[in-house]
Amino acid sequence: MTATERRTPAQPWPAADGERLTHSGACRDLPPELGPDTVGVLEGRTFMFSNARGDVPKGSIGGLVHDDTRFLNRWELTINDAPLLVLGSGTVDPFSAAFFLANSELLGLPANRVGIRRQRFVGDGMYERIELRYFGAEPVELRLRLDVGTDFADLFEIKESGRDRSPEITRNHEADGSTLRFAYRNGDYAASVRVAADPAADRVDGDALIWHLRLARGQAWRCELRVPLRCGEEDFEPVPRSFGDVFERDAADPSSRWLATVPTLESQSDRLVAAYEKSAADLVSMRIEKRIRGEPVVLLAAGLPWFMTVFGRDTLITSYQTVAFGPQVARGALVVLAAHQARETHDFTDREPGKIFHEYRTGELTQLGVKPYQPYYGAADSTGLWLILLSEYWRWTRDDELICKLRPNAEAALRWIDEFGDLHGSGYVGYATRSSQGLGNQCWRDSRDGVQFADGSIPALPIATCETQGYTYDAKLRMAELADGPWQDPAMAARLRTEAAALRERFNRDFWIPERGGYYAIGLDGDGRQIDSMTSNMGHLLWSGIVPQERADVLAAQLMSEEMFSGWGVRTLSTGDHGYNPIGYHLGTVWPHDNSLIAAGLARYGHHDDAVRIVTAMLEASAYSEHRLPEALSGYDRAFGRQPVPYPTACNPQAWASGAPLLFLRTLLGLDAVDGRLVLDPHIPESLGWIRLTGSPAFGRRWDLDADGSRSSVREAG
């Protein structure tokens, strides 16, 4: 990059400062090895990605990953060295999958004479059962082989090219066929994995287990495989499980505790109930429990497969979506993110005092300082979102003790907004990385081309996106509410309200574009020019409340126009913009989390019919994917096909997509916590009928809610 070249999100890195980072948000292409029927299972910090046979071929993107390290990169089951035939496969619970297979055509053995079932469970490693049953007329001899491999790759290397660690990987397999052992060390970083088989294999061939079986008609054979892991000094041991165990586990288990507190939903709409229950199960599977400064906290990972870790933005928005249905996740997010709030400036990690982090990783490359993710602070919006969640948590819990404890963090976050966030010198929070490995775009549209002009050109840094200003406006008003309340600081409250009003006035002057019927620019570039693409981000402005009512009516019409609304949801980019692409990551796709905020914003301004239209369309879309909303859908018009076209590499499940149905439900109910009381203002269409929510938590008590059309009732649970 020469001195005359402008830094842009597509090329933000100074040439001499090191190799650039291909960020996880912008690199999602799946190699073809696993195929379109990939099966992924996850729990907490562990996931396993395989093909429809349950196999992970060597060199593929699949494998067993825990805490950003791949512990298995090969896991292939064959009979007489031939791959198995797929009869059917898929997930059962978020943490489990079943694969129904048969033998292929073999010398002396016709196809489909041996039925094979694989049952897989993940969580602190992996547990798998393999069962064979023979249906041929005459006894048969078979050679069952399981090829195993590991590369101990860092998560970032799975999607990109990584160094070959094989010279440093040691093997210590048991000669009796009971155990395979692999270990790796690089300086202070160490990891190991075992594969324990019961019954033991008849022999070990390299890194493969081989059983010699003789089966008579109707005879069955079964093997159990445990894959425990060791990360540093911590051991993780999987336990034998059964399908549905998520509902049967010990009551002390954190997942069971959270699931037990989730309100029960009943409705005339089976689709609404199914989406709600699917979301609850998926959110349980993505939960992480840890201790921060001795205090147990619960929070959510962002999504399978590449985001099974804590993200600032994703975790905060998911916590907001779910806080009305249980405050534990919000509390955990607030405590964890506050504990890692930046206290100094550090270029490599984009750290600045008061800033809330963007992404936390624990893999080898991060631990050794090659990657900046321990943690990385490249997000312009996470600090404002943390303040919004702090307020929302208080509104639902009245937990003055925690709010007062976190006041220094809130004040530090406000200082960051005013002192470090304003890169333009015009009072707007913007971004431009200082890291050689930093993100070009640091808003939720974090792909390289996620923010662009209407003609498709890429703006110069620094950039201040519109929705971040909306978050900042909302955050200051909310902090003023806390200053009037538990902080008992009226001077602070008055100052923040004055600052918010000034921001609202200049924002509506500088970001409004009267052309094309009127809309808000997605942002201002490094020269202060309006970045004039028409995007879904303007729907977030309704959620934040920064938009005057008369312009809200214009935005509602734009968001629900044919150019923006696909029939399944609001697109990220208008079809009238040059960069529109229905399968472009942020350039025309439909994101459920995005739509959940837009629907809430439309309802806030009284556009209930438009909000209901989004909610019902998204619920209809979920029916085509087992009632689970993925990270994103393709932006093709609904008339293009009878069902939504999947986005090819969407995370599934993903936390803020799983949280979307909960916020949709809250929007339908008009459910809010105001001045220590629950408020309902329902706008439920006839197609969904009545809704009953039993045991809804608020203010340390439980409530039962009923709504039908525009009628409602709230009563404390007996």
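Mentor: Lys355 lies in the loop that runs between helix H5 (328–339) and helix H6 (364–367); helices here are DSSP runs of H or I with at least four residues, strands are E runs of at least two, and both are numbered from the N terminus. This is a predicted model, in which local features need pLDDT of at least 70 and side-chain atom pairs count only at pLDDT 80 or more, while totals for chains, interfaces and linings use all residues. Residues are numbered from 1 along each chain as its sequence is written, and side-chain values use heavy atoms, with hydrogens and water left out.

Back to our lysine: Lys355 is buried, with a relative accessible area of 5%. Buried means under 20% relative accessible area, exposed over 50%, and partly exposed in between, using a 1.4 Å probe and protein chains only. Leaving aside residues up to four places away in sequence, Lys355 touches Gln341, Ala342, Asp350, Tyr377, Gly378, Ala379, Thr383, Trp416 and Gln442, where contact means heavy atoms within 4.5 Å.

Lys371 lies over the face of Phe156, at 5.6 Å from the ring centre, and the charged end of Arg516 is over the ring of Tyr519, 5.3 Å from its centre. The rule asks for NZ of Lys or CZ of Arg within 6 Å of the ring centre and within 35 degrees of the ring normal.

Rings also pair with each other: Phe, Tyr and Trp (its six-membered ring) pair if their centres lie within 6.5 Å, with planes under 30 degrees apart called stacked, over 60 edge-to-face and the rest tilted. That gives 25 aromatic pairs. One of them, Tyr636 with Phe640, is stacked, at 4.4 Å centre to centre and 10° between the planes. Tyr636 is partly exposed at 25% relative accessibility, whereas Phe640 is exposed at 57%. Ring pairs also link Tyr428, Phe507, Phe511, Trp512 and Tyr520 into a cluster.

As for the cysteines, there are zero disulfides, taking a disulfide as a pair of cysteine sulfur atoms within 2.5 Å. For Cys443, the nearest cysteine sulfur is that of Cys466, 9.0 Å away. Cys443 is buried, at 0% relative accessibility.

Finally, the sheet: three strands form an open sheet in the order E23-E26-E27, with antiparallel pairing. Its edge strands, E23 (464–465) and E27 (530–531), each pair on one side only. Strands pair if DSSP finds at least two bridges between them, and E23 and E26 (residues 523–524) have two. Ala464 stands opposite Leu524 in E26.
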